[in-house]
Amino acid sequence: MGIELTRRTALQGLAGLVIGVHLTRGARAQATPGAAFAPNAFVRVAPDSTITVLIKHIEFGQGPFTGLTTLVAEEMDADWAQMRAEHAPSNTELYKNLFFGAQGTGGSTAMANSFEQMRKAGAAARALLVAAAAQSWGVPAGEITVEAGVLRHAATKREGRFGDFAEAAAKLPLPADVPLKDPKNFKLIGTDRGPVKRLDSAAKATGKALFTIDVQEAGMLTVLVAHPPLFGAKVASFDAAKARAVPGVVDVKQLSSGIAVYAKGFWPARQARDLLEIKWDETGAEKRGTAQLVEEYRALAATPGAVAGTHGDAAKALAGAR
């Protein structure tokens, strides 16, 4: 999977430096000059030197915020204390899972499909910042070192932080090819804790983290559905008079999956759902219990299965092995 970074520019705006790396089969970096933020940006360097990484995989507690940010920090030689992470916006084309072809999280694919992508984003950001520092100091870029988010030029004893060069770096063209670190030089990737602390734990522990259930918008309703007690059952009839009488209930509707209650909040929706009087049609419902299903599975397991193909003689080989 290659990366084509020519004829593109980094984002310039209020955020300082924004790197957008969209890796697909025809990989490229994209930018919108003058914008403070772009939906295809993975790395954002602010004037105060904080680095925000936009994560395209949902953080369910499995660690993509920390893991993917680690990849960027490693290639940038950043200080972990300056790293931040945010969920990427909804944009399938720009933030799709490279394994699924859609914007999604699952199958333990977050690190696997983003490993090279996020490292390249970090490496590109580092290269631009080094180039900007070299231009500002009038020294060769190859003489500049980066450690813990600080750029240094030993001969002139000059040094500066990422934020000092973010604006200038945003005006430079992206390099055609950015080499990635040799794994033997990793300081963050593969470490067991050490300097890398989870980025999402504190907010979740203190209640500051915002989850979908916490989102409140003007005029937003809460919807709860009364589902049938058996798979395959359908609504025969229902009476929603008591449910509609609950203060805060806006409407009650029948869906293919049951009866939905629309209310101005969770508790009125919950109370109203409990007051629904529903008669279920269980004609086509699954009525077998666990014991019956287990017996049927055992019976099926004892019957010969379909042969997809044969090769060799397993019985003979096993007999010979004895």
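Thr-145 has its place in strand β8; strands (E, at least two residues) and helices (H or I, at least four) are DSSP runs numbered from the N terminus. The model is predicted, so local features need pLDDT of at least 70 and side-chain atom pairs count only at pLDDT 80 or more, while totals for chains, interfaces and linings use all residues. Residues are numbered from 1 along each chain as its sequence is written, and side-chain values use heavy atoms, with hydrogens and water left out.

**Thr-145**
- Thr-145 is partly exposed, because its relative accessible area is 48%; buried means under 20%, exposed over 50%, and partly exposed in between (1.4 Å probe, protein chains only).
- Neighbours within four places in sequence aside, Thr-145 is in contact with Val-150, Leu-151 and Arg-152, where contact means heavy atoms within 4.5 Å.
- The C-alpha atoms of Thr-145 and Val-130 are separated by 8.2 Å, and the two residues are 15 residues apart along the chain.

**The sheet with β8**
- An open sheet is formed by 3 strands in the order β8-β9-β10, with antiparallel pairing; two strands pair if DSSP finds at least two bridges between them.
- β8 (144-147) and β10 (158-161) are the edge strands, each pairing on one side only.
- From one strand to the next, the twist averages 20°.
- Strand β9 (residues 150-153) pairs with β10 in the antiparallel sense over 4 bridges.
- Opposite Leu-151 stands Gly-160 in β10, and opposite Arg-152 stands Glu-159 in β10.
- The hairpin of β9 and β10 has 4 residues between the strands, and Lys-157 takes a positive phi near 60° there.

**Helices α3 and α4**
- Helix α3 (residues 110-137) packs with helix α4 (residues 162-169) at an angle of about 90°, and their axes are 8 Å apart; axes are lines fitted to C-alpha atoms, for helices over the stretch in contact, and angles run from 0 to 180 degrees between N-to-C directions.
- α3 is therefore roughly perpendicular to α4, a term for angles of 65 to 115 degrees (under 35 is roughly parallel, over 145 roughly antiparallel, the rest oblique).
- On the α3 side the contact is made by Leu-128, Leu-129, Ala-132, Ala-133, Ser-136 and Trp-137, and on the α4 side by Phe-162, Phe-165, Ala-166, Ala-168 and Ala-169.
- These residues of the contact of α3 with α4 divide into 10 nonpolar, 1 polar and no charged; Ala, Val, Leu, Ile, Met, Phe, Trp, Tyr, Cys and Pro count as nonpolar, Asp, Glu, Lys and Arg as charged, and the others, Gly among them, as polar.

**The sheet with β14**
- Another open sheet of 3 strands has the order β11-β14-β13 and antiparallel pairing.
- Its edge strands, each pairing on one side only, are β11 (222-226) and β13 (249-255).
- Strand β14 (residues 258-263) and β13 pair in the antiparallel sense over 6 bridges, and Gly-258 in β14 is the bridge partner of Leu-255.
- Helix α7 (residues 266-275) packs on this sheet and touches β11, β13 and β14, its direction making about 20° with that of β11.

**The whole chain**
- The protein chain has 9 helices and 15 strands.
- The chain has 322 residues, of which 39% count as buried.
- Of the contacts in the protein chain with a separation of 6 or more, 63% are between residues 24 or more positions apart.
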